[in-house]
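Please open the structure in your viewer and keep the selection tool at hand.

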Amino acid sequence: MTGGADLFPGPDRDEAERILGRYPQEHRQSAVLPLLDLAQRRHGGWLPAALVDAVGDYLGMPSMRVRELVTFYSMFHDRPVGRYLVQVCRTTPCWLRGSDEVLAAARQELGIAPGETTPDGDFTLIEVECLGACADAPVVQINDDFHERLDGGQMRAWIHAHRGPKEG
Amino acid sequence: MPKLSIDGTEVEVADGTTVLRACEQAGVEIPRFCFHERLSIAGNCRMCLVEQVGVPKPVASCAMPVTEGMQILTQSERVQAAREGVMEFLLVNHPLDCPICDQGGECDLQDQALYYGRVRSRFREAKRAVSDKDFGPLVKTVMTRCIHCTRCVRFMDEVAGVPELGTMGRGEDMEIVAALEGCLHSELAGNVVDLCPVGALTSKPYAFAARPWELSHTESVDVLDGAGSAIRIDARDGRVLRVLPRVNEDINEEWIGDRSRHAVDGLAVRRLDQPWLQQNGAFEPVTWDVALAAVATALQDAAPERTAALAGDLVGLEGMAALADLMRQRGVASVDCRLDGGAFGSGEPASWRFNATIAGIDRADAILLVGTNPRREAPVINARIRKRWRATGIPIARIGPATDLTYPVTELGAGPDALAELARGTHPFVAELGQARHPLIVVGSGALARADGAVILGLARQVAEAADAARDDWNGFSVLQRCAARAGGLELGVVPVEGGLDSRGMVSAASEGGLDFLYLLGADEIDPEAFRGTFTVYQGHHADRGARHADVLLPAAAYTEQEATYVNTEGRPQRARPAHPPPGDARPDWKIPVALAARMGIPLPYDSLAGLWRRIEAAHPHLAEIDQLPPPAPLTSFGDAGGELDGAPFAEVVPDYYRTCPISRASATMAACARAVADA
């Protein structure tokens, strides 16, 4: 149960405590998903094994149980990801509305295959299953934002606009 | 008590029963992979689907609670079709490599595929393959065969309390992995092999050794710790190939420790299979006739007061009784079964028994562990304590070195001072024990073998009395014996009579040249150096420590080779049965002292096993009540509560779980386990 201060320093400590406060004391472990999310956001968008174990220690959970969660949910990443995480939905509605074209555009523009990160560390491209925004298919989630009703050209334009060191 | 109908038959079951259990009670078998009675419900294999009338989809019976008026169909066409569908999906990624799989012939998937599998596969795509994992020296993995029932994960998490297995990934990418490659840090890890319903986890030491239908099965009891777990010995061609647990709800439920299961390869090596006689500093093989003559002459020549006998940790009642009778006939007073010098009350059974009984742990509501590490001394008993803690979160405290017991323990201190405080009533844990309806005080056999063992015994008794733990309906004072022979020896009274030496006395007398003849009956857990100058006879099955400075070695049967009675830590006599005859010229333990007596012209009142049993029964009727608990024994005023405490911390009496006896020390598997634990 130690390590809270190292795991969530400064203001994150308060945030972690606030999240924990949403759950009964004897069910601290219920906070594992939001805390993993917080830890991932503070660590460049991915969760190294030591950080996963630290969250387990913080909640009094066996590290194995936390590692299971990290590998189960596609929102958690156990390997480094780029500054922009481009998640192209490929489930049926998006596919019918042209996700293949969007994905092809992203591949071509970034020069990487799904699952890879550009050498400059700016972009990671992955395919995901339904993002729950089928009404506006095809959908691409980039970091926390949905980009809806895209076509290949718009995908290219977005990548082009976010290339280079100018934006964070 | 809801009523439901199963295939048209009315059944009434207890509240909270699941449909699967209700079907079992009605005598209807439901196929399953993930469901296991002693693990939490996962509901992920879907093999147990049944039809509930009026419900559009088939229901998973393992997870569905019974409700009043439910109508369940288990034999309908829909059920058959649903199960066939589940089976087809399970087999999509299963390699179907039964001919080279060790699970073949005892595989749930193979059996159920017979009833629910299609004759031909419709799957034309590539099957997935999963890399194998290293789960240590006991568990072999072929992960492509895994159907993700997660029984192994739940077992390690819930029963073993060592959450080192988990599921990584999801869907088609899911895999079972270990936290650390190379070792599962549990004394119960071997049980995952029994739980695995397919061939993903099989026994590494038994790999490709035999097919199940080639083996003879012998129902017996384990003697490698003091719990007396029920086992089945599987043998072929005079060799034990594996040991599996049997269900015994009163003792081991359906688990056994890894030593009990996997030390048996040690039965085939370093064996004494013929008599040996030391001549001019070297052992010569001799006939039984020559060996017995040498022993008889030496015993005849030794004065009774300079003669002694020690019984070891793996010996059954029969061998001890025969040797004790022979010695008594010779007028020898120095006979002892307490190799480690345990300070048990003489003739006071409550001072050496686990009076609360192992099943009684399920009722305990506060536990005090005194100088014991049950995880190493009796893993199945530790699992029982853990089960109780998981169910109710009872307070558990320990006096002794702090180690991980797989449940939270309040540490009261490493030495016996805390025990003295508890006995005086000045320790805060007294209140917790006092409030408990069923307080349990577990005293380790190692704690009683200290020089101040009698004081510890007395203090622990006082703690139990003060907590009102010794009543007619509950006796919470419980000694945990860590070896199989001890309780039996004490019940038989294999202890020195008036003027005789105990094991410590024998060691000091021998090192001062005060002994002329010593008989070691499987006595290995004692330093043999002291006996260098004494004419020593070693009767046993392995050329282990006790044989080191012996003058005559008499080959005896091991527990898998003879019929013998063992009294477990509760005082419950149980019978071990032979899976095959002993090797070479080795003989059952009881026959050797009887043969010796006959040669010396000493009359013993029996010359058969049945006669010996009658003799034991006449003196100790409860020892003939096989499998039954002994009548309850009162807490008499044993121990020396007023004596001086040593103050030294309690030691870890089982420093290496995997090697505690001649059999496990001879076992290559146990050596590999010890190495894996040390390396990890």
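This is a predicted model: local features need pLDDT of at least 70, side-chain atom pairs count only at pLDDT 80 or more; totals for chains, interfaces and linings use all residues.

**Stop 1: chain A as a whole**

Select chain A, whose C-alpha trace spans about 50 × 35 × 25 Å along its principal axes. Among the 168 residues of chain A, 27% count as buried. If you consider the contacts in chain A with a separation of 6 or more, residues 24 or more positions apart account for 58% of them.

**Stop 2: helices α3 and α5 of chain A**

Now select residues 32-42 of chain A, which form helix α3, together with residues 63-72, which form helix α5. Two packed helices are described by the angle between their axes and the distance between the axes. Here the angle is about 70° and the axes are 11 Å apart, and α3(A) and α5(A) are therefore roughly perpendicular to each other. By class, the contact of these two helices has 6 nonpolar residues, with no polar and no charged ones. To see them, show the side chains of Val32(A), Leu33(A) and Leu36(A) in α3(A), which meet Val66(A), Leu69(A) and Val70(A) in α5(A).

**Stop 3: helices α7 and α8 of chain A**

Move on to helix α7 (residues 99-110) and helix α8 (residues 152-162) of chain A, whose axes come within 8 Å and cross at roughly 35°. The crossing of α7(A) with α8(A) is right-handed. From α8(A), select Gly152(A), Met155(A), Arg156(A) and Ile159(A), which meet residues of α7(A) including Glu101(A), Val102(A) and Leu110(A). Which classes of residue take part in the contact of α7(A) with α8(A)? By class, this contact has 7 nonpolar, 1 polar and 3 charged residues.

**Stop 4: where chain A touches chain B**

Show both chains and look for the contact, which takes 8 residues from chain A and 9 residues from chain B. On the side of chain A that touches chain B there are, by class, 3 nonpolar, 2 polar and 3 charged residues.

**Stop 5**

In soluble globular proteins, nonpolar side chains tend to be buried together. The largest nonpolar core has 216 residues, and those that touch the most other members are Met320(B), Leu419(B), Ile441(B) and Ala460(B). A second, separate core of 19 residues includes Val88(A), Val139(A), Met155(A) and Ile159(A).

**Stop 6: helix α17 of chain B**

Select residues 591-600 of chain B, which make up helix α17, and colour its buried residues, Ile592(B), Pro593(B), Val594(B), Leu596(B) and Ala597(B). These buried residues of α17(B) pack against α7 (288-301), α8 (317-329), β23 (535-540) and β24 (552-555) of chain B. Gly601(B) follows α17(B), and its phi is positive, near 75°.

**Stop 7: a glycine in helix α12 of chain B**

Finally, select Gly434(B), which is found in helix α12 (residues 429-435) of chain B. Why does Gly434(B) count as partly exposed? Gly434(B) counts as partly exposed because it has 14 C-beta neighbours inside 10 Å. To end the tour, select Gln628(B) as well, which lies 194 residues from Gly434(B) along the chain, with 30 Å separating their C-alpha atoms.

Key. Residues are numbered from 1 along each chain as its sequence is written. Chains are lettered from A and ligands numbered from 1 in the order in which they are written. Two residues are in contact if their C-beta atoms, placed from the backbone, lie within 7 Å. Ala, Val, Leu, Ile, Met, Phe, Trp, Tyr, Cys and Pro count as nonpolar, Asp, Glu, Lys and Arg as charged, and the others, Gly among them, as polar. Helices (H or I, at least four residues) and strands (E, at least two) are DSSP runs, numbered from the N terminus. A residue is buried if 20 or more other C-beta atoms lie within 10 Å of its own, exposed if 12 or fewer, and partly exposed in between; C-beta atoms are placed from the backbone. Axes are lines fitted to C-alpha atoms, for helices over the stretch in contact, and angles run from 0 to 180 degrees between N-to-C directions. Angles under 35 degrees count as roughly parallel, over 145 as roughly antiparallel, 65 to 115 as roughly perpendicular and the rest as oblique. A nonpolar core is a set of buried Ala, Val, Leu, Ile, Met, Phe, Trp, Tyr and Cys residues joined through C-beta atoms within 7 Å. A crossing is left-handed if the near helix is turned anticlockwise from the far one by less than a right angle, and right-handed if clockwise.
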